[in-house]
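Okay, I think everyone's here, so let's get going.

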Amino acid sequence: MKVAFIGLGHMGAPMSRNILAAGHDLVVHDLRRDAAAGLVADGAAWADSPREAGAGREAVVTMLPGPAAVEQALLGPAGLLAGMPPGSVWIDMSTSTPAVADRIREQAGPRGIAVLDAPVSGMAAGAGSGTLQIFAGGDAATFAMVRPLLAAMGDPERILHVGPHGAGYTVKLMINLLWFAHLTATAEVLTIGTRAGVDLGTLRRCLLASPAASHFIDRDVLSVLERGDYDEGFELALACKDLGLAVDLARVAGVPVPVSAAVEQIYRQARARYGDAGGEMLPVKLLEDLTGIPLRLPAETRPAAETHRPPRPAYPMRLLRSARPFRPFRPGLTAPPSPSNQPSLSAPQE
Ligand code: NAD
């Protein structure tokens, strides 16, 4: 397939490499020409503008920071739409918003250019290994036509057609919003319980054995509790962008979202305090710093299976999150010996 790729950053560069490796004919463009050096050396052609990149291509992928960059690359005399031929497909894999794509689609339709939104989960590690999870929004025929191209970048089992135009963006934003909400709520629950005198490990195990259990408490929070690792693989600046887009989407949809708005504010506080490049789990540290209560499990009280985990995963939390199914805690199977002053969770539960 004749493909162009625009936006060769942390995600776009490895995704382009996988498109090349799958045997497609590739043209690349970025604001930074140096970002394309390795790809050009490996056989991709360079284009000086988005318009030039789109000329004669059957499909063009964009992987840009957000809505403003997408509009900048697509519209105007040097924009992508001005170069793409009728019958071609624009696939936006950026985490962006339905509203921007709607505006662009109004101009793409009359030119005979099809549009698909197809944002991803899996981070740079998943982009490199070609195992991204992809959520596509648009018509089914367009999705079927470009599926082989998507399969060059994602795990074939997890390339999902999730609905009409905009549905991909929406699903991606909702996944991130709920995860950030899990994180902020869990940080508060663990801090309150600990300050009120309950052992942190006991509290976590009780939560896991209860209707309040979650994948976040089972898995993701352990990065902080065991290692003080706040996951720099996904930066606070991007987390804040995603939360801002999610809350904007709620406003457009006319849905009151006091909880989501509070989560966004907490993330903005963490970004102001720890910087753009800080890890996405730093809102936990915000509370730790405010209360003086570090949330850490002493090694000897960790569940046996967990004390044998590697010190740090070889891939970021976001990838772990999507790759590992939630397994509810089973009392008696993984609980460590209880300290003598703590209730035994190995005992039959009521
Ligand atoms: P990045 O900042 O590393 O890369 C963006 C690239 O786009 C840069 O090379 C930049 O020069 C280029 N660019 C910006 N504006 C441009 C324009 N107008 N024309 C041409 N090139 C332009 O960002 P990233 O981490 O690769 O993320 C890209 C998108 O993927 C974002 O929407 C992000 O939210 C999403 N995403 C990122 C991750 C992640 O782990 N980094 C995971 C999932 C989704």
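This is a predicted model: local features need pLDDT of at least 70, side-chain atom pairs count only at pLDDT 80 or more; totals for chains, interfaces and linings use all residues.

Let's back up into α15 itself, residues 282-291. The buried residues there are L282, P283, V284 and K285. What do the buried residues of α15 pack against? Four helices: α9, α12 (222-227), α13 (236-253) and α14 (258-274).

I want to stay with α9 for a bit, that's residues 167-195. As a reminder, two packed helices are described by the angle between their axes and the distance between the axes. Here the axes of α9 and α15 come within 9 Å of each other, and they cross at roughly 30°. Anything under 35 degrees counts as roughly parallel, so that's what we call α9 and α15. As for handedness, α9 passes α15 in a right-handed crossing.

Who's actually touching whom? On the α9 side you've got L183, T184, A187, E188, T191 and R195, and they meet P283, V284, L287 and T291 of α15. Sorted by type, the residues of that contact come out as five nonpolar, three polar and two charged. If you're wondering about the spacing of those numbers, an α-helix has 3.6 residues a turn, so residues three or four places apart point the same way. Also, P283 and V284 are on the buried list for α15 as well as in the contact with α9.

Okay, over to the other end of the chain, and α1, residues 12-21. Is α1 mostly covered or mostly exposed? Mostly covered: seven of its ten residues are buried. Those are G12, A13, P14, M15, S16, R17 and I19.

Last stop, the ligand. There are 25 residues around the ligand, and the ones that come nearest are G9, M11, A69, T95 and M123. By type, that shell splits into 15 nonpolar, eight polar and two charged. Which helix gives the largest share of the shell? That's α4, with three residues.

Note on methods
Residues are numbered from 1 along each chain as its sequence is written. A residue is buried if 20 or more other C-beta atoms lie within 10 Å of its own, exposed if 12 or fewer, and partly exposed in between; C-beta atoms are placed from the backbone. Helices (H or I, at least four residues) and strands (E, at least two) are DSSP runs, numbered from the N terminus. A residue is near a molecule or strand if its C-beta atom, placed from the backbone, lies within 6 Å of it. Ala, Val, Leu, Ile, Met, Phe, Trp, Tyr, Cys and Pro count as nonpolar, Asp, Glu, Lys and Arg as charged, and the others, Gly among them, as polar. Axes are lines fitted to C-alpha atoms, for helices over the stretch in contact, and angles run from 0 to 180 degrees between N-to-C directions. Angles under 35 degrees count as roughly parallel, over 145 as roughly antiparallel, 65 to 115 as roughly perpendicular and the rest as oblique. A crossing is left-handed if the near helix is turned anticlockwise from the far one by less than a right angle, and right-handed if clockwise. Two residues are in contact if their C-beta atoms, placed from the backbone, lie within 7 Å.
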